[in-house]
Amino acid sequence: MDRREVLEWLFAQEASGIKFGLENTKELLKRMGNPHEKFKSVHIAGTNGKGSVSAMTESVLRESGYITGLYTSPHLVDFSERIRVCGEKISDSEFLELAEDVKYHADKMLSESKKLTFFELTTAIAFAHFARCGVEIAVIEVGMGGRLDSTNVISPEVCAITPISMEHAEFLGDTLAKIAAEKAGIIKPGIPVVCSKQPDDVIKVIRSKTDMLIVAGENSKFEIISSDSNGTEIFSDAVGMNLSVPLIGSYQGDNCALAVIMLRELMNRGFYIPDEAFLRGLQNTKWPGRLETVSFNPRIIIDCTHTPAGAEVVASEVKRIFGNVILIFGILKDKDVKTVAEKFGAISEKAFIVTPDSKRALSAEQASKYFEPYTKVQICPSLKCAISAAKENAGSNGTILITGSLYMAGEAMEVLNVSESIL
């Protein structure tokens, strides 16, 4: 198969739906020689910020001289963004060779009535790539939930839980406590757990699973020193120094603090991470599509927020740093559009609404109705047309925010020809 055929095969499995459970993943990996047992790892779950925490953690470990793996999902533009070794995306040749091997085993299992999902298959490809490349430590982001997520076959050195809010209730549960129980399913006996500040019912669930919990801001203190259009700076008592990340939004200070505590726990387990690696690794963190300025005059910011909790904090930070914006928005139909629109509509001078390039997209006509109580609305036939119209409205000194979906963020990267080097 060529790359197109492999991706078509993989995404065809995605179309068959989501299935939780670890048995098929374990069996597939066993048939492949258990590649996940050949490298050490850290495991990160949560609702908001787990990708940013993963990127920061991997960047510091790479600066420390380790051969690192990074497995995240979903991607913005290209599938290979999900699987990286020392910051480099998996190459086409490596991807094709590993995918062929995975497909061979998947077909064998299918003949035994054991159907593998898209995420199970991609997780196996990632773990096999890390083993083949001699990865010393991999940073693994949970796909959905935690307890029954395919990534939960690893035995990590430390795990982290970022802020938890309502999401995927049809799969994870209809209360924060139920969702927290699924996320906390990554916790293993004898393994330290670090987590962000959480609602009381969430922290109660997490505490019930471990006696090795460190809560950022409680057991380990930090202070946000500055947060502006250039990034975020904090002081962390975990390492006793000021640290900067180029990611915008004060919540990135919380994410940075969580990553630093997790790295300190790795040091307690024998990993060597010098002060210079913390400084350079965090300063060099790249995590595209998260309040990322991709051009100026006017300033264009891309963000992939699509949850109510995420929209609330992102809208607040955008308002604080940039003031009101010209909004370009598109979202999927399985999201809480009403609440997300309320948060972003409140900071919008005008909203240009589009239909994202996805079979799961909510139409621009439907989405626009949720914005009408808050701002002036214009429906656009394409993202390219929306960007052109938004530029006219913003002028050279205005700010445009493109948000609502990872699909929107990825499409915007392509339309605006954002440098491949940051992806």
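This is a short talk on the fold of one protein and a few of its residues.

Hi everyone, thanks for coming. A word on the ground rules: this is a predicted model, where local features need pLDDT of at least 70, side-chain atom pairs count only at pLDDT 80 or more, and totals for chains, interfaces and linings use all residues. Residues are numbered from 1 along each chain as its sequence is written, and side-chain values use heavy atoms, with hydrogens and water left out.

Let's start with the whole protein. It holds 15 helices and 17 strands; these are DSSP runs, H or I of at least four residues for helices and E of at least two for strands, numbered from the N terminus. The radius of gyration is 21 Å, close to the 22 Å from the globule rule for 423 residues, so the protein is as compact as a globular protein of that length. That radius is taken over C-alpha atoms, and the rule is 2.2 Å times the number of residues to the power 0.38. The C-alpha trace spans about 55 × 55 × 40 Å along its principal axes.

How much of the protein is buried? Buried residues make up 56% of the 423, where buried means under 20% relative accessible area (1.4 Å probe, protein chains only). As for contacts (heavy atoms within 4.5 Å), among those with a separation of 6 or more, 72% are between residues 24 or more positions apart.

Now, on to helix 10, residues 275-283. Its buried residues are A277, F278, G281 and L282. Viewed down the axis of helix 10, they fall within an arc of 110°, so they line one face; the arc is that of the directions from the helix axis to the C-beta atoms. As a reminder, an α-helix has 3.6 residues a turn, so residues three or four places apart point the same way. The cover over this buried set includes helix 3 (50-63), strand 11 (241-245) and helix 9 (251-268).

G146 sits in the loop between strand 5 (137-141) and strand 6 (158-161). Is G146 buried or exposed? It is buried, with a relative accessible area of 1%. Not counting residues up to four places away in sequence, G146 touches N152, E182, K183, G185 and I186.

Leaving aside neighbours within four places in sequence, A367 is in contact with I353 and L362.

Definitions and conventions:
Buried means under 20% relative accessible area, exposed over 50%, partly exposed in between (1.4 Å probe, protein chains only).
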